[in-house]
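User: Please take me through how the chains of this model meet one another, with the cut-offs behind each term spelled out.

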Amino acid sequence: MQPVLKADSIGMEYVHPRTGRSVLAIEDFSVEIEPQQFVTIVGPSGCGKSTFLKIANGLLKPTSGTISIHGEDVQSTRGSRGTVFQDASLLPWYTVLRNAAYGLECQGVGRKEAEERALPVLELVGLSGFEHAHPHELSGGMRQRVNVARALAIDPEILLMDEPFASLDAQTREFMQSELLGIWSKSSKTVLFVTHQIDEAVYLSDRVLVMSARPGRLIADITIDIPRPRSLRVKREARFVELVGQVWDLLHGPATGDLESTGAGHVG
Amino acid sequence: MTKASHENQSAGTTVIDDAAVAAPVTGADTPSGERVRRGFWGRWGMTEQRVYVAISVIGFLTVWEVASQLGWIRPLFFSSPTAVFAAAIREITGPNFWNNLRVSMLAFSIGFSLAIALSIPLGLMFGWFRRLGHFFDPWLRFFYATPRITYIPLLVLWFGLGLESKIALVFAGPFITILVGTLEGVRTVPTTYLDVARSYGAKQFQFFKSVLLPTTVPFILAATRLAVGIGIVAIVLGEMYASQAGIGHMLMQAAHNLQADRVLFAVLLLTILGVGLSKILLAIENRVADWKPQT
Amino acid sequence: MSASATQAPTAVGSDPLGTRTLRWLRKRERILLGVLGVIAVLGFWEFAVVSGWIRTSTMSSPTIIVDRIVFELDGDRLIPSLWVTLRAYLIGLALATVVGIPLGFLGGWSKRASYVLEPWLAGLNATPTVALVPLILIWLGIGQTSKVFIVFLFAIFPYAFNTMIGVRQSEAEFLGMARSFGASQPKVITSIVLPGAVPYMMTAARLAVGRALIGVVVAELVASNTGLGFLISIASGTFDTPLLMVSVLFVGVFGLIMTEVMKAIERQFDKWRPELTS
């Protein structure tokens, strides 16, 4: 099967604006993502995972290597990917419906048609009845649903999610994780998800890509073999805990038996 | 086109809002977040911004001068930078300038001091005795919303053309502004504080000293800074409207004689005075804001 | 009245009005005290004049002023003056809006334009606008044109400056979001930059409304032979205190109405202000 996203030895080098020295953010990063796969990149802060997402989005041009979606260069294609942002980034002057339709509008679809197409997506993310509310009337979790809906509405080849639950409280975050799995299974999209939370990565994904600290390099590609559908109860199963521990060890070096390795520890 | 938003938040990030008494300064000025350009200009300490500002200002002055010299614009109407400079020299060395300045400054300092001395206690009182404040609220609102310059003819009618009417003018505008500012300041103190203070048996005076005054002072200072501008406008306009001396009188005289260069000199002078005064007050405000613990 | 039946026995037992009435009064205390304040001051004024403590010729009196309003409303001075003033006011204000907002937009959107504009805007802000009036008299003479221009000059600054700040404050998140969805430049401007600047423009409009009023009165006081300001000037010159008071009252009430209306409109847009917590 042809991969949806194919990155080939991506490298990203910055010139520090003041010192003038060059900094290597990402080094020789290659990955292929199959259709309908849920792939998560996990790594410490500043490892370049968000940078890679921006490259996949065509917002940044890598200094070396190539990246394509369905064989087409990401720089030349728009609309093949939908991004879900860390901050909901909803426009406060638009209704929920208009916000969900905003991505389509940006791509030149007329307002009316865009809203018609966004309507079923709002239903999918569980926001029926809130079409005419304004963002300030929504809770944090609901705003993130609109954020997801906006990305889904453009019917992208791949969904890019940049720590979308980072600013939610712990309970809402867990709830949104399981909701996301529900939405994902219904929409059957390919997802590239970025997070620094190991348990979130393991719970959601088919594959977890572990990145090292700067320069960001791929140090492991772990297949998560926990059967789907997964309920939140999965997080207490032995296999889940084992996988979380495995990722933790990769990021922190082999565990010396401390308590944190059993839990869903934060990284960085 | 480049987006000027986030790299450059220097100049003025505060929105001007002088009608609803300005919020007090809550900290030192935001540091200029501008990146220094490397290369040729950087060696001279020039940022891109400074280059453009210099081009803008020098360019305008040059075009003005050249246009005037070549007769594209009528020097009589529009003057020229060098003519304004010459007028400034002529005026300063002339017979009436220092007297005019003295008359204006005298009226301003007396009127403004009176305004401060009366408005702050009254504002505190209206805020402290809440019912008294509500009793006078409609009047305060009315006087606050009326352009204060409207009272000029009335004050001239009452006090004549001399110093008294000018003092009254400089008093009237700032008085209302500072009073309302002080009152707003007291009203920002949540009533729950008052209740807490009472439940702990704090004496009213103690509360006044420890909570009320510290919260109100920044408001008073902000309102005072605002009032400086109002006071200057009042004195200038009052003198323009009816008087025998003062900077405003000189302005109007120059206008009647079609001396654009003299008018521009006076405008420049007033701008410098106004900016200087409000800079001083801003410095005091920042000082006070530094003392205050940030909450 | 049933109010007395529900009377609380201890707390306000001595109150003849009853608790419910009292509660009603307390809820409206602010307004009632205000009304009382207006009546009391007017009453005192009237009483002071009637009993001869202050002279009618300098202070006039509420009844005289009311009489005069009735008289002037019938006459051919006050209302025509009002119209003349209003026309200059509205034209000047409209011009300031139409020129000031695009100017501010330019300064906020383009960094280079802002470098060029800012020294002049800062200068204009610092200059007492009143001092520029004589200059305008030299340029345009006395009349409707100079009046409109003076109003324009008074009102343009808040528009230009606040719009500039508003545009500059566009949320970086929003801009990045629109870019990632492939929005065009015009789309970004119409859907993010301009709506985001609307609250700032509304604040500007409220300020401009007040400043324009100052402008029109100044213009008419020193450089006009028509309008409400001129009427004030005439009244002062002829020691016609009641007419002076009436004119001042009209200006004040107009200012009050405009400011309150603008405040109410402004409040409508408060929820538009983007908040960073998501």
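Analyst: This is a predicted model, in which local features need pLDDT of at least 70 and side-chain atom pairs count only at pLDDT 80 or more, while totals for chains, interfaces and linings use all residues. Residues are numbered from 1 along each chain as its sequence is written, and chains are lettered from A and ligands numbered from 1 in the order in which they are written.

User: How many residues of chain A are in contact with chain C, and which class leads on that side?

Analyst: Counting two residues as in contact if their C-beta atoms, placed from the backbone, lie within 7 Å, 20 residues of chain A meet 17 residues of chain C. Nonpolar here covers Ala, Val, Leu, Ile, Met, Phe, Trp, Tyr, Cys and Pro, charged covers Asp, Glu, Lys and Arg, and polar covers the others, Gly among them. The side of chain A that touches chain C has 3 charged, 7 nonpolar and 10 polar residues, so by these classes the answer is 20 residues, with polar leading.

User: Which helix gives the largest share of the side of chain C that touches chain B?

Analyst: This contact draws 63 residues from chain B and 61 residues from chain C. Helices are DSSP runs of H or I with at least four residues, strands are runs of E with at least two, and both are numbered from the N terminus. Among the helices of chain C that each supply at least two residues are H2 (29-50), H8 (144-168) and H10 (185-222). The largest share, 11 residues, comes from H10(C).

User: How are H2(B) and H6(C) oriented to each other?

Analyst: Helix H2 (residues 48-69) of chain B packs with H6(C) with axes 8 Å apart and at an angle of about 50 degrees, where axes are lines fitted to C-alpha atoms, for helices over the stretch in contact, and angles run from 0 to 180 degrees between N-to-C directions. Angles under 35 degrees count as roughly parallel, over 145 as roughly antiparallel, 65 to 115 as roughly perpendicular and the rest as oblique. H2(B) and H6(C) are therefore oblique.
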